[in-house]
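Dear colleague,

Please find below the sequence and structure that I promised to hand over. My notes on what was found follow directly after it.

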Amino acid sequence: MTAAAARAWDALATVMDPEIPVLSVLDLGIIRGIEESADGREVEITVTPTFSGCPATEVITAAIRTALAASYDEVEVRVQLLPPWTTDWMSEAGREALRDFGIAAPNGRAVLRLAGSDRPDSCPQCGSIDVEELAGFGSTPCKALWRCTSCREPFDYFKVH
Amino acid sequence: MSPTSEAAELPTVEAVADGCLLLSHRLTEWVSDAPTMEEDVALGNIALDLLGQARGLLSSLGDEDQLAYFRDADDFHNPAICATPNGDFAKTMLRQAFADCWLELVWAALADHEVDVVRGVAAKAVKENAYHRRHSRSWVVRLGDGTEESRRRMLLALEDLWPLTAEIAVPGWREAATDVLVEATIPVPAAALADDAAIAACVEERRALLEEMQSLARAHPGASW
């Protein structure tokens, strides 16, 4: 990475998922490319959306533009669908931030994972492994609703995808 | 000639886009009215995925808003089952299970499509559909193999919906649908034959659906908020 591209990197680290404000777009793994012009005045960011209908995608794209406008004269945000986004692209820091926020992080790799065999490794509140699913769909497309049978608290689980 | 039916052909991109769009709209009709709050959330989520998939495919065909809001009912190409009215929860879930089985095969086929956007939507949709299938299947099983009343309703739903399945019975569909029905202890009918009367009724129902769905955009073209 050039010193100039680090400007883009730093700016992107401040763009948070509007639904999960502890997760930056870099942690989420949706930034697939940063291309700067030779003179450093233009930048093109490649973004891969998480879910087809996720309303956060448009908000995030606009936020990326705003965050980079301070450092560049021209900002281009390109949407790339292939290869499709997977939770395997989420950073380790992102996974930890999720847990600290009370959301169980995706447990395991998406490769060969079948819907239905996917479960959190533990309760993000008390750490117990005794957890059960309440509902396969949650407050956003990426989450399911689970409950800890030890501390009795419900919690969100970021599904392996 | 014996009344055997041949497998349906794989749908066009337009038929899949329209199917996802109208099925999504039907599911949103449940929101705030589903049997439980979790189900409100689940149906809303599934509708959102379908809407996103429809938008991706429509935008590969032209202007998505123009196609969704300003096309006349006769120019939609969705399989009838996608726009058929919700009925009760049993019918909605059986319709969803049948559509999910269809879409699983459709997305797998479209993952090799020549248009980049279509391949991209399909690759993403394969994963989203796996969650939808798991959900609809679990309800069909729970209701079909449930109480006397829930089973009665599931059998009625099957009677209503089965004639519409000829259109979506692409190769592999019958096996997938049979698998769900067998687990739900529901007798599997002989392969459905194309039923013109049932499909004609659905065309009228689609007209009513679109009248509502398109009314705002048509009354206020270009409106935004």
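Thr185(B) counts as exposed because there are 12 C-beta neighbours inside 10 Å, where exposed means 12 or fewer other C-beta atoms within 10 Å, buried means 20 or more, and partly exposed covers what lies in between, with the C-beta atoms placed from the backbone. Although Thr185(B) is not a glycine, its phi is positive, about 55°. Thr185(B) lies in the loop between H8 and helix H9 (196-219) of chain B; helices here are DSSP runs of H or I with at least four residues, strands are runs of E with at least two, and both are numbered from the N terminus.

Please keep in mind that this is a predicted model, in which local features need pLDDT of at least 70 and side-chain atom pairs count only at pLDDT 80 or more, whereas totals for chains, interfaces and linings use all residues. Residues are numbered from 1 along each chain as its sequence is written, and chains are lettered from A and ligands numbered from 1 in the order in which they are written.

Helix H8 (residues 173-183) of chain B, which Thr185(B) follows, has Trp173(B), Ala177(B), Val180(B) and Leu181(B) as buried residues. Seen down the axis of H8(B), these buried residues fall within an arc of 95°, so they line one face of the helix; the arc is that of the directions from the helix axis to the C-beta atoms. They pack against H5 and H6 of chain B, contact being counted when two C-beta atoms, placed from the backbone, lie within 7 Å.

Two helix pairs in chain B may interest you. Helix H1 (residues 13-28) of chain B packs with H2(B) at an angle of about 150°, their axes being 8 Å apart; axes are lines fitted to C-alpha atoms, for helices over the stretch in contact, and angles run from 0 to 180 degrees between N-to-C directions. H1(B) and H2(B) are therefore roughly antiparallel to each other, given that angles over 145 degrees count as roughly antiparallel, under 35 as roughly parallel, 65 to 115 as roughly perpendicular and the rest as oblique. H1(B) passes H2(B) in a left-handed crossing, that is, one in which the near helix is turned anticlockwise from the far one by less than a right angle, clockwise being right-handed. By class, the contact of H1(B) with H2(B) has 16 nonpolar, 4 polar and 1 charged residues, where Ala, Val, Leu, Ile, Met, Phe, Trp, Tyr, Cys and Pro count as nonpolar, Asp, Glu, Lys and Arg as charged, and the others, Gly among them, as polar.

In the second pair, the axes of helix H5 (residues 89-110) of chain B and helix H7 (residues 148-161) of chain B come within 8 Å and cross at roughly 55°, and the two are therefore oblique to each other. The crossing of H5(B) past H7(B) is right-handed. Residues of H5(B) including Leu94(B) and Phe98(B) meet residues of H7(B), among them Met154(B) and Leu158(B), and the contact of H5(B) with H7(B) has 7 nonpolar, 1 polar and 4 charged residues.

Between the chains, the contact takes 24 residues from chain B and 16 residues from chain A. On the side of chain B that touches chain A, the largest share, 14 residues, comes from H6(B), and the residues of that side divide into 10 nonpolar, 6 polar and 8 charged.

As for chain A, its secondary structure comes to 4 helices and 7 strands, and of its 161 residues 37% count as buried. Ile64(A), in helix H3 (residues 56-69) of chain A, counts as buried, with 21 C-beta neighbours inside 10 Å. Leaving aside its neighbours within four places in sequence, Ile64(A) is in contact with Leu12(A), Val15(A), Val25(A), Ile45(A) and Val77(A).

Two backbone details of chain A remain. A cis peptide bond, with omega about -10°, joins Leu82(A) and Pro83(A), and Pro83(A) is placed in the loop between strand E3 (74-79) and helix H4 (92-101) of chain A. Arg152(A), which is not a glycine, has a positive phi of about 70°; Arg152(A) is exposed, with 10 other C-beta atoms within 10 Å.

With best regards
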